[in-house]
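Here is a friendly walk through the charged pairs and the ligand site of one model. Have a look at the structure first, and then we can go through it together.

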Amino acid sequence: ATSSIWGGRFAAGPSALMEAINASIGFDQRLYAQDVAGSKAHCVMLKNQGIIPEDDALKILDGLDRVLDEIEAGEFAFSPALEDIHMNVENRLRELIGDGAGRLHTARSRNDQVATDLRLWVRDTLDGLDGALKGMQRDLIDRAREHHDDVMPGFTHLQAAQPVTLGHYLLAYCEMLGRDRGRIADCRARMNESPLGAAALAGTSFPIDRLDTARRLGFDRPTANSLDSVSDRDFALEFLSLAAIIAVHLSRMAEEFVLWCSAQFNFMRVSDEYSTGSSIMPQKRNPDAAELVRGKAGRVIGDLTSLLVALKGLPLSYGKDMQEDKEPVFDAADTLELCISAMSAMVRTAIFNTERMKKDAGKGFTTATDLADWLVRVLAMPFRDAHHVTGALVKMAEDKGVGLEDLSLGEMQSVAPGITEEIYNVLGVENSVKSRTSHGGTAPENVRRAVDEARRRFLD
Ligand code: ARG
């Protein structure tokens with residue numbers, strides 16, 4: 001049979017194979033609520049503009065509500081022969097209210113309809129994502145408050161660099177997520193324009209009111225150019241870009257947790273609920289949830305890549321290739337939701353081994369910079385000379401297999417005669433972090449303040 005929706009010029013219906021490659025209902029049924037909302041806004045506007053009769057319009061609105069109820073109750077039979085969510089909804093509407101249903105598609109095309117639906121879906125998803133990241137920031141801030149003065153080694157090149165505080169470390173991740181939320185807000189503000197009424201590509205001869213439908217759907221304004229309206233998927237690309245950045249941030253944090261959970265670091269344990277054992281090695285305790293967050297970042301980056309590649313060769317305006325926009329968008333959204341929940345839970349329940357962190361904080365001559373700074377401050381040495389002197393002391397300690405603080409005053413003075421007993425104060429890790437009071441530095445008093453500021457900046 002030919003399609004009841006577009007079959008007028010066809011003698012035969014599509015083959016099973018055509019149906020299989022063509023149908024998007026398997027995934028775009030997720031747009032049902034947005035599709036119904038868009039149709040209702042369009043219908044009210046058509047009625048108010050006198051484009052369709054009032055009695056048909058009222059039947060359509062009522063019928064759309066019934067369709068929505070059926071879908072939400074799980075009673076709706078989605079049909080692949082009807083291709084997509086738009087035709088499934090409209091077909092059911094016709095079954096429910098009769099031929100008046102056919103007036104709904106006046107001055108509209110599936111091209112502006114799908115662009116509208118997906119924008120609405122992405123907008124809701126951005127709002128949900130923002131809330132999830134905010135929740136994770138709250139978890140990080142709470143743990144940072146708890147550990148604002150616990151000392152641990154800080155790394156560059158994954159080599160011990162300088163002592164820092166665990167609270168400072170956790171707040172660093174909170175900053176990353178803050179920028180991610182900024183990107184969400186930017187994306188939302190730019191995407192919040194309504195393509196509805198662009199029709200197929202050229203606009204319409206009917207006296208529609210696009211400002212009205214835009215407002216009804218919570219958009220800031222209608223889009224400016226009908227061709228661009230049906231061909232633009234920037235909003236999906238921007239969503240996937242920010243999603244990929246978030247996934248990479250989560251992955252970096254997950255990698256940190258995986259490293260910290262190793263016997264070699266032994267800085268933390270992921271709670272039992274988020275770990276697994278091995279079927280052969282009884283001693284094992286693997287931070288699987290963190291590894292999966294790290295692994296799933298690959299999917300989200302792939303989702304962005306898929307859509308970039310799908311779009312790169314497309315001329316104006318709509319092309320069926322664009323139906324391929326939805327699965328990457330849905331996959332990225334689902335993956336992030338899961339990963340943020342898992343990562344947040346791991347942050348909340350992590351068992352930090354602060355003893356071990358503190359013990360390691362001084363390993364690898366991490367207070368060498370403090371020593372050099374002391375030479376500058378107290379002996380008025382130029383920093384480059386102080387660097388050289390300290391380097392010689394590090395070498396001496398290394399050759400003897402001891403820490404800097406284990407060198408005798410005599411040994412130190414053999415390299416720089418002006419050094420006094422006072423030097424031993426700056427060689428302790430606690431004093432080192434306490435001294436880092438510059439704006440944004442790791443001192444515990446800074447971290448206490450940064451926790452309050454982070455609450456104000458991110459959680460209010
Ligand atoms: N299922 C289509 C999509 O997702 C809807 C738009 C179809 N438009 C068309 N002219 N065939 O992109």
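R92 counts as partly exposed, because its relative accessibility is 22%, where partly exposed is the range between buried (under 20% relative accessible area) and exposed (over 50%), taken with a 1.4 Å probe and protein chains only. E70 has 14% relative accessibility, so E70 counts as buried. The side chains of these two residues, R92 and E70, meet in a salt bridge, with N to O at 2.7 Å; the term stands for a side-chain nitrogen of Lys or Arg within 4 Å of a carboxyl oxygen of Asp or Glu. Because R92 sits in helix 5 (residues 85-97) and E70 in helix 4 (residues 54-72), the pair ties together parts 22 residues apart in sequence. Helices here are DSSP runs of H or I with at least four residues, strands are runs of E with at least two, and both are numbered from the N terminus.

A word on the ground rules: this is a predicted model, in which local features need pLDDT of at least 70 and side-chain atom pairs count only at pLDDT 80 or more, while totals for chains, interfaces and linings use all residues. Residues are numbered from 1 along each chain as its sequence is written, and side-chain values use heavy atoms, with hydrogens and water left out.

The salt-bridge count comes to 33. Another of these pairs is D139 with R348, at 2.8 Å from N to O. D139 lies in helix 6 and R348 in helix 12 (residues 326-349), so this bridge ties together parts 209 residues apart in sequence. D139 is buried at 10% relative accessible area, whereas R348 is partly exposed at 46%.

Now to the ligand. Its surroundings include S24, H86, V114 and Q323, where near means a heavy atom within 4 Å. Helix 6 (residues 110-146) gives the most to this shell, with three residues.

The protein covers 87% of the 340 Å² of accessible area that the ligand has on its own, by the Shrake-Rupley method with a 1.4 Å probe. D84 also belongs to a network of salt bridges that links E83, D84, R110 and K320.
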